[in-house]
Amino acid sequence: MKHPSKVHSALLASYFFMIVSATAQRAPNVVVIFADDLGYGDTSCYGATKVRTPHIDQLASEGRRFTDAHAASAVCTPSRYCLLTGEYAFREDYWAPIFLKVGLIVDPNQTTVADVMKRSGYNTACIGKWHLGFGEETPNWNGELKPGPLELGFDYYFGIPVVNSHPPFVYVENHHVVGIDPNDPFVNDEVADTPIHLEKMGINQIGGAKAAHSLYDDTYVGTTLAGKAVSWIKEKKDNPFFLYFATTNIHHPFTPHPQFQGTSQAGRYGDFIHELDWIVGEVTQTLEEEGLAENTLVIFTSDNGGMINLGGQEAWKRGHNQNGDLLGFKFDAWEGGHRVPFIARWPGNIPAGSVSDQLVSNVDLIATLTALTNQELSDNEGPDSFNILPALTGQPKKPIRDHLVLSAFRKTHLSLREGDWMYIPAQAGGGFSSPELGTHGFGGFPAVNFAGQKNSDMENGNIKLEAPKEQLYNLREDFRQTNNVIRDHPEIAEAMKRHLDEIREANGTRL
Ligand code: CA
């Protein structure tokens, strides 16, 4: 039996320690700024020269910049699913963006990163692009949009429900479309005025709801969302808060506020990046002014790589490379599809101006914030998420992640990163390629050909007849993925293929 007085003094000591800890340091606030389609080369701290991103650069100079960070999917919707749940989206068979008529794709019983923060007593909000659906089967745009973010652990939601390139062009606040009027409802079979860029894509606005639509002007979405984020932070500043701020910048259409138009050397695409940088500055300045900067972990990253549609082509012609030197674009299993900027700032905890080449991913958010708030995940929560907090605050010698599964637009291109190696079980990028670089030329061959990118399997924008059926790259030696070395290392590819199969089979089991 332990000596009673020793037990008593140990208890007293730990009690004293808890009191001191509680008064000395409030749990840190967390702000995650999740940009849309921002590529690896789209900011000046990652090498861009045709745009200027002083606020994002400042985050990097005051925090840590990651050079090997990846969105676990190269597509908007599944990438957001990964971030919120810590589960690979491929496990639920999610590969593509969702649109107007899709219900909530996250099971409200599933633990999200917002739930984790709620458990720790945080105020939580999602502001910005949702893109994960509303409602049981299909959204009721005229009525209650439930379940949605509020059923997944967020106390507050304001933003655009789908994506800024697709209807409905309205704002949603909590469970309702902003400005919806029972006397002026949406009419599904009626086609309203559709912006020209959407007409070209064959997308029509849904009709009715003139009042609600009139409140939405895509030129002012960025500034509106920034304003909402700033006011929510000010409102909640007295208690720990978690803000998931998903900007519509820099997804097409590129519609910066007039104050940013013509400010970059990369056309509207670059101007939209300038607006994104201003948005980041609004958030960081608010944290500073409210005395919150020291005790707030800010994470800035993107949901997938950069695109090369019309605006992207214009930017490229002016010398701006969305994804830096990486091969491919959004939607691809190639690096340009998913390797993204990732910056973390937490003064006093993350060394200022540092750089890390740790392999990290947005799917790691839930495990990381669980650790940050001294909690533990149960086995069925965030099964694919790794705690990367040690890579944020220190420089671990060993990799935290020995592998990462990366999904592209096509199911055939579910790929595996392991150490320096990248294995893609099919040919080409697996992106959402269109046959020509027209109104909306996507990733895949035409874009790569347009951009003059080199790959040993390709010639004049086509796959060579003799090209291998699968791909293997050593990213340490060849991060541009110019040379498919699968014929030189068939045993590595075979082992990675087996590992990928094992991971697929480990459904719902923590890896
Ligand atoms: Ca996106």
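**A walk through the model**

Trainee: Let us start with Val106. Where does Val106 lie?
Mentor: Val106 is found in the loop between helix H3 (76-85) and helix H4 (113-119). Please keep in mind that this is a predicted model.

Trainee: Is Val106 buried or exposed?
Mentor: Val106 counts as buried, because its relative accessibility is 2%, and the cut-off for buried is under 20%.

Trainee: Which residues does Val106 touch, leaving out those up to four places away in sequence?
Mentor: Val106 touches Tyr81, Thr85, Thr112, Leu132 and Leu152.

Trainee: And how far is Val106 from Glu151?
Mentor: The C-alpha atoms of Val106 and Glu151 are 9.7 Å apart in space, while the two residues are 45 residues apart in sequence.

Trainee: Tyr81 and Thr85 belong to H3. How many residues of H3 are buried?
Mentor: The count is 10 of the 10 residues, so H3 is largely enclosed by the rest of the structure. Among them are Cys76, Arg80, Tyr81 and Thr85.

Trainee: What covers the buried residues of H3?
Mentor: The cover includes strand E1, H4, strand E10 and helix H11 (365-372).

Trainee: What follows H3?
Mentor: Gly86 follows H3, and the phi of Gly86 is positive, near 70 degrees.

Trainee: What do Cys76 and Asn304 tie together?
Mentor: Cys76 lies in helix H3, whereas Asn304 lies in the loop between strand E11 (296-302) and helix H9 (310-317), so the pair ties together parts that are 228 residues apart in sequence.

Trainee: Are those two residues buried or exposed?
Mentor: Cys76 is buried, with a relative accessible area of 2%. Asn304 is also buried, at 0% relative accessibility.

Trainee: On to the strands, then. In what order do the strands of the open sheet run?
Mentor: The open sheet has 10 strands in the order E7-E6-E5-E4-E10-E1-E11-E12-E2-E13, with mixed pairing. Strand E7 (176-177) and strand E13 (354-356) stand at the edges, each with a single partner strand, so one side of each is left without a neighbour in the sheet.

Trainee: Which helix packs on the sheet?
Mentor: Helix H7 (residues 221-236) packs on the sheet and touches E4, strand E5 (156-159), strand E6 (172-173) and E10. The direction of H7 makes about 180 degrees with that of E10.

Trainee: How does E10 pair with strand E4?
Mentor: Strand E4 (residues 123-128) and strand E10 (residues 241-246) run parallel and are joined by six bridges. Within this pairing, Cys126 has Tyr244 in E10 as its bridge partner.

Trainee: And with strand E1?
Mentor: Strand E1 (residues 29-35) pairs with E10 in the parallel sense over five bridges. Phe34 stands opposite Ala246 in E10.

Trainee: Which way do the residues of E10 point?
Mentor: Phe241, Leu243 and Phe245 point one way, and Phe242, Tyr244 and Ala246 point the other way. E10 is mostly covered, as six of its six residues are buried.

Trainee: One more region: how do strands E15 and E16 pair?
Mentor: Strand E15 (residues 403-406) pairs with strand E16 (residues 415-418) in the antiparallel sense over four bridges. Leu404 stands opposite Arg417 in E16.

Trainee: What about E16 and strand E17?
Mentor: E16 and strand E17 (residues 421-424) run antiparallel and are joined by three bridges. Leu416 has Tyr423 in E17 as its bridge partner. The hairpin of E16 and E17 has two residues between the strands, and Gly419 there takes a positive phi near 60 degrees.

Trainee: Finally, the overall figures: how many helices and strands are in the protein chain?
Mentor: The protein chain has 14 helices and 20 strands. Of its 511 residues, 59% are buried. The chain exposes about 20200 Å², of which carbon and sulfur atoms supply 50%.

Technical notes: Residues numbered from 1 in each chain as written. Predicted model: local features only at pLDDT ≥ 70, side-chain atom pairs only at ≥ 80, totals over all residues. Heavy atoms only, no water. Buried < 20%, exposed > 50% of the residue type's maximum accessible area, 1.4 Å probe, protein only. Areas by Shrake-Rupley, 256 points an atom, 1.4 Å probe, with all protein chains shown as cover. Contact = heavy atoms within 4.5 Å. Pairing = 2+ DSSP bridges. Axes fitted to C-alpha atoms, helices over the stretch in contact; angles between N-to-C directions.
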